[in-house]
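My notebook is open, and I want to see how this structure is put together. Here is what I looked up, entry by entry.

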Amino acid sequence: MKRTVLAAAFAAALLSPAAADAEVRILACEPEWAALAEEIGGEDVTVHSATHGRQDAHYIRARPSLIAKVRRAKILFCSGADLETGWLPVLLERGGGRIVQPGQPGHIMAADHVQVLERPEVVDRSLGDIHPGGNPHVHLDPRNIAVLAEVLAGRLEQVDPERADAYRQRLASFQARWADAMAGWRERAAALRGMKVIVYHKAWVYLLRWAELDRVAVLERVSGVPPTASHLVEVLQQVRNSGARAILRAPFDPDDASEWLSGKTGIPAVELPFTVGGRPEATDLFSLFDSTLALLEEARDRS
Amino acid sequence: MRNIAGFVRMAAIGLPFLFAVSAAEAQSGPPTAEELAAQINALKQDYEKRIAALEAQIAAMKAKPPAAAGKAAPAARISRRTGDNSFNPAIGIVLNAMYSEYSEDSSGLPGFQLGHESERPDEGLALGHSELTMSGNVDDKFRGNLTLGLGAHENETEIELEEAYIQTLAGSGMPDGVRLKAGRALWTFGYLNEQHAHADDFSDRPLPYRAFLDGSYNDDGAELSIVLPGDLYKEIGGGVFRGGDMPFGGSETGREAYSAYVRLGGDLTADSALRVGAYVLDGEAVNRAGGDPHGHEEEGEHAEGEEEEEGHEEEHAEYFSNGSFAGDTRLFGVDFRYTYAPTGNARERELILQGEYFRRSEAGDYTLTEEHCADPGDENEDGVIDGGETAHGHDVCEMEAETARLNGDASGWYAQAVYKFMPRWRAGIRYARLTPPDDAELEDDDLSTVSAMLDWTNSEFGRVRFQYNRESFGEERDDQFILQYVMSLGAHGAHSF
């Protein structure tokens, strides 16, 4: 008897649809997309980010909590271009509902909506961790953020048509504020134009293109594999008289190589926030770009 | 589209200038330098703003054609492929070999049947299991996977069909979170069973896996799993199986075994996560044979010799090691896995703790089949080996079977810790213990192994590992040294938690 009751209760719990969710749940793969989802979705959405600002999104695990989150998500918002290839397929296969599967309105890969740079001509694993789909770190060009804001609002309207007006209003407000901010950044970037930089990993190409900075060297010889001592010595020869003003790295990149080079050359090593939460001052998308430019300006003035 | 964008940009730059000139002219009286500067500044800000807004719009407009072009370009490149090939499944290969040294000549699991997969690898240089995996989507509803295990054992190449299954895709019409898998697969039981051995953190499977599952349970069958909604990760599932693989064997009806499981998991902090599970695998073993024929002979000879000296003592153990089992068997298991990245970034440093406990309950009979040879054997042993063997096999010897009802309840567990102390280096320790059935009447009851490993991972795809095992059974010790590589090429599936 007890068993029957228990089984019935269990079956009921299983079959009853989850208590009608008031808000749309969004699972973002990276903090920058979570921040954008907060801007456009406001109080109508619940946003979770699979990674935090000091994590390399390439190398996280398909944690049980993420399977639970993607199970309930109506929108999955990621960088794409194979950045999440080590774990996202597991989430989609184990937990993903129909709406977040590829081709569905709840599936947004940023790299599908903007121009992707550094699409490799040759794909071979001896070249390291390369992305056949191109460089996935598209969020570091503020113009791409504006594009994705548009895309996200469109998808939110599709997934949750009842609140379409609210999404459209928030999008308009965000675009206005973003255009304002971009005007300011453009002016500051103009003053940085042509500044020579060294990067640890090829993660900055979109920022460099937008701000028209000049990349003179990359510390990782093979993408995704820490540089060897002999390669660093080569880089040292190469950059000694190059006029480079900063050595850029993300919060999750190892600091030893860039600090070593900085010690040898006097070029300041700069840890840029890379994404929202990458540094304490980068609390949203606006302060992400504000602080990135401030750090670049500081490096320029220091050297 | 481009023309429009260009025009808009020109207009955006040009208009404010015109505007600025006319505005300046409209001023009555000559403006002061400050006023002019302020006006220019205001205008500058205004048009910067407009340019930025237009730029965003242009970017949005442009985004579509390049994205489309990006898609069209590879399509053009692959147009020379024939239509059939472009739907080829993804192929992945895992290469694995090792060098091993052991202090003991033979090794067994006293009180347990030693299956083919749970023997220690050949001493010296030897290939481990190489794997060939092919997988792809069948259509919008199904996905298929075929994995062959290729191994070499005593100069013979062996091919094992490790997995051949189909599973439903999310969005195939099943409710969200529900997945059906059918065919032969590494079914859900404990932590390690679902993954291929090359993904393990140690070179060999821990004792309970070797004793109770012969390495892994990959029977023929079907399994349904459901991820329940909620912030806590909750998965339940169960399956029905043929009963052809350890802990079962010799299926009669082709539907002898059932399983059920529940898993819970979640994040403890932003940088640590835990998953726990409980599993049961229940069914009937019609005839669970005592493992592989080579191993059987060796073990048999070895144990027979001991039997003569020690008499009754080893007799029951003999049933468990070399006999075959028929009856009901139930395997219960619990597992946990905890991961913690101290710096937040698992690529740099990571601690993984993992453990499993298995308990087997059995009700059935063990049958020991032995060769009994008549007296002419004396002559054979005088040296006529070849002729003797023939006589031995054909005329003089008989197979004799003895059956005994024995209680095969047994248990085993392991716990391990693996720490990544530098981006490419990991060290780990593992302790495993087996408690054989009481009825085996082994004087020294428990069997244990202490292992330590150090591995170097050049990339996600290549790993070299050194491992030391000390297997202890009473006074007996086997020191094992293993140097191994595991490399994968081609399609490389995402790893589960």
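**Entry 1: chain B.** I started with burial: 43% of the 497 residues in chain B are buried (under 20% relative accessible area; over 50% is exposed, in between is partly exposed; 1.4 Å probe, protein chains only). I'm working with a predicted model, where local features need pLDDT of at least 70, side-chain atom pairs count only at pLDDT 80 or more, and totals for chains, interfaces and linings use all residues. Residues are numbered from 1 along each chain as its sequence is written, chains are lettered from A and ligands numbered from 1 in the order in which they are written, and side-chain values use heavy atoms, with hydrogens and water left out.

I found seven helices and 18 strands in chain B (DSSP runs numbered from the N terminus: H or I, at least four residues, for helices; E, at least two, for strands). I also looked at contacts (heavy atoms within 4.5 Å): among those in chain B between residues at least 6 apart in sequence, 65% join residues at least 24 apart.

**Entry 2: where the chains meet.** I see 59 residues of chain B in contact with 53 residues of chain A. About 4,700 Å² is buried between them, and carbon and sulfur atoms give 54% of that (buried area is the accessible area, 1.4 Å probe, that two parts lose on being put together, summed over both). How many salt bridges are there between chain B and chain A? I get seven (a side-chain nitrogen of Lys or Arg within 4 Å of a carboxyl oxygen of Asp or Glu). One salt bridge joins the side chains of B:Arg179 and A:Glu93, at 2.5 Å, N to O.

**Entry 3: a sheet in chain A.** I traced an open sheet of four strands in chain A, order 2-1-3-4, with parallel pairing (two strands pair if DSSP finds at least two bridges between them). Strand 2 (45–49) and strand 4 (107–109) of chain A each have a single partner strand, so one side of each has no neighbour in the sheet. Strand 3 (residues 75–78) of chain A is joined to strand 4 of chain A by three bridges, and A:Cys78 stands opposite A:Met109.

**Entry 4: another sheet.** I also found four strands of chain A forming an open sheet, order 6-5-7-8, with parallel pairing. Its edges are strand 6 (214–218) and strand 8 (269–271) of chain A. Strand 7 (residues 246–249) of chain A pairs with strand 8 of chain A over three bridges; A:Leu248 has A:Val270 as its bridge partner.
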